[in-house]
Amino acid sequence: MKKGLLITGGILLFVFILFYNFGGLDVYLLNKMNTSTLPEKYKRYHDINTSEPIVFGHHEIKLLEESFEPIQSFISSEGEVIVVTSEIPKDRNQKEVEEDATMGGTRFYQDFHFYKLDRDGNVKDHYVYKRTRGNWNELLFGEFIVNYEKKYYKTWIKDGDTIRKPMVVQNEDLKWSREEQLNLYHKITEDATDYFRESKSGPEEQITYYMNGKWYQLRTNTKLSEGSYHSGRNPGYHNNLFGEAFWGNREPDPNRYPNIMPAYFQRKELDESTSSASGGGISTTSKSWDGDLYCQLLIKGDTLKFKKAMSFNENFTTEKFYNAKGEEIRKLKTELEQQYSPYFYFSDKNLNFQLFTTDSKKLYIIKIVK
């Protein structure tokens with residue numbers, strides 16, 4: 001009898017351990033045990049993911065733009081902030097737009113909006129480029145809008161003009177000697193303000209460049225150099241006032257945002273996910289704490305208290321974040337900003353506003369309330 005009870009107990013214990021480790025019982029129990037309540041002082045924090053303006057002290061933050069693709073931004077030589085957003089068009093052939101969505105990869109049918117903001121954050125000019133499969137390559141290139149496939153450029157950023165201006169095409173018939181092509185290529189890499197090199201069919205390449213106040217495009221059919229076809233001055237895709245971290249490149253700056261402080265992490269739910277390995281490898285399972293990150297942004301004596309959804313995985317990039325509870329997250333400020341980039345902030349002494357976001361596809365503007 002006693003032996004039978006021991007055997008039964010052993011089997012039950014084995015089943016419990018098996019179910020705990022592989023059946024999700026540990027996640028269920030940990031969620032049940034997560035009974036922490038949000039401290040009263042954090043209950044008045046604002047959800048930053050809102051289209052409604054938030055007033056804090058003498059300042060107001062509101063959603064400036066929302067975009068289908070990550071928002072681009074930079075300051076022109078005239079001191080104006082240029083912002084570029086995109087949206088899926090509603091005024092085109094909807095059948096073509098829907099078919100474009102089902103093909104995967106790049107969404108060709110998009111409307112790109114270029115905004116010019118004055119020093120007070122007001123929109124002073126607006127230009128729309130309607131991208132299609134037949135004309136899909138208008139990019140920011142320095143202070144110009146350039147289409148290197150169609151060989152034209154626009155000077156809207158400088159003077160508001162949206163008229164297409166033709167580039168000067170060199171060696172269009174590919175009859176230059178190898179020496180002539182190499183000599184000009186080396187001059188471009190040394191003296192051009194901006195340039196972009198790309199491969200065409202076979203040995204052919206084209207280099208689009210800006211030199212001495214003019215836009216050119218050189219066609220070549222000889223090997224110019226080893227290595228990547230794309231120059232270090234790649235146009236169009238990574239213009240951003242928030243820095244490279246905005247595009248996923250972590251910056252090891254230990255004090256990038258001294259005016260922003262993560263204050264509290266409220267765990268809401270423990271989630272478990274399984275990723276399948278390619279090539280018949282063993283799949284892996286990991287846990288994540290989903291919750292809200294409570295933060296404070298200080299501007300000239302006023303404090304914006306905001307929260308945003310956040311998830312910390314036990315394997316990325318360290319267990320520190322996964323194990324952090326409540327105000328323990330404060331000690332991880334530097335690592336949090338480096339590894340997760342939960343927020344971005346930009347200010348300039350020549351501008352009467354600041355920019356802020358927690359999402360690459362949204363842009364908020366902060367101004368003094370008059």
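User: Two strands count as paired if DSSP finds at least two bridges between them. On that basis, what is the bridge partner of Ser 73 in strand 5?
Analyst: Val 83 in strand 5 is the bridge partner of Ser 73. Bear in mind that this is a predicted model.

User: How many bridges join strand 4 to strand 5, and which way do they run?
Analyst: There are four bridges between strand 4 (residues 72–75) and strand 5 (residues 81–87), and the two strands run antiparallel.

User: And what do strand 4 and strand 5 form?
Analyst: They form a hairpin, with five residues between the strands. Gly 79 sits in the turn and has a positive phi of about 80°.

User: Which residues other than glycine have a positive phi?
Analyst: Asn 212 has one, at about 55°. Lys 300 has one too, with phi near 45°.

User: Where is Asn 212, and is it buried or exposed?
Analyst: Asn 212 is in the loop between strand 14 and strand 15. It counts as exposed because its relative accessibility is 71%, and the cut-off for exposed is over 50%.

User: Where does Lys 300 lie, and is it buried or exposed?
Analyst: Lys 300 lies in the loop between strand 17 (284–299) and strand 18 (302–313). With a relative accessible area of 69%, Lys 300 is exposed.

User: Switching to helices. Which residues of helix 5 are buried?
Analyst: The buried ones are Gln 181, Leu 182, Leu 184, Tyr 185 and Ile 188.

User: What covers them?
Analyst: The cover includes strand 12 (168–170), strand 13 (194–199), strand 14 (205–211) and strand 15 (214–220).

User: What span should helix 5 have, and how far apart are its end C-alpha atoms?
Analyst: Helix 5 has 14 residues (178–191), so at 1.5 Å a residue the span should be 20 Å. The end C-alpha atoms are 20 Å apart, in agreement with that.

User: What is the strand order in the open sheet of four strands?
Analyst: The order is 8-9-10-11, with antiparallel pairing. Strand 8 (138–141) and strand 11 (165–166) are the edge strands, each pairing on one side only.

User: How many bridges join strand 10 to strand 11?
Analyst: Two bridges join strand 10 (residues 152–154) to strand 11. Tyr 153 stands opposite Lys 165 in strand 11.

User: Last one, the whole protein. How many helices and strands, and what percentage of residues is buried?
Analyst: The protein has seven helices and 21 strands. Of its 370 residues, 43% count as buried. Among contacts with a separation of 6 or more, 57% are between residues 24 or more positions apart.

Note on methods: Residues numbered from 1 in each chain as written. Predicted model: local features only at pLDDT ≥ 70, side-chain atom pairs only at ≥ 80, totals over all residues. Heavy atoms only, no water. Expected span 1.5 Å × (residues − 1). Buried < 20%, exposed > 50% of the residue type's maximum accessible area, 1.4 Å probe, protein only. Contact = heavy atoms within 4.5 Å.
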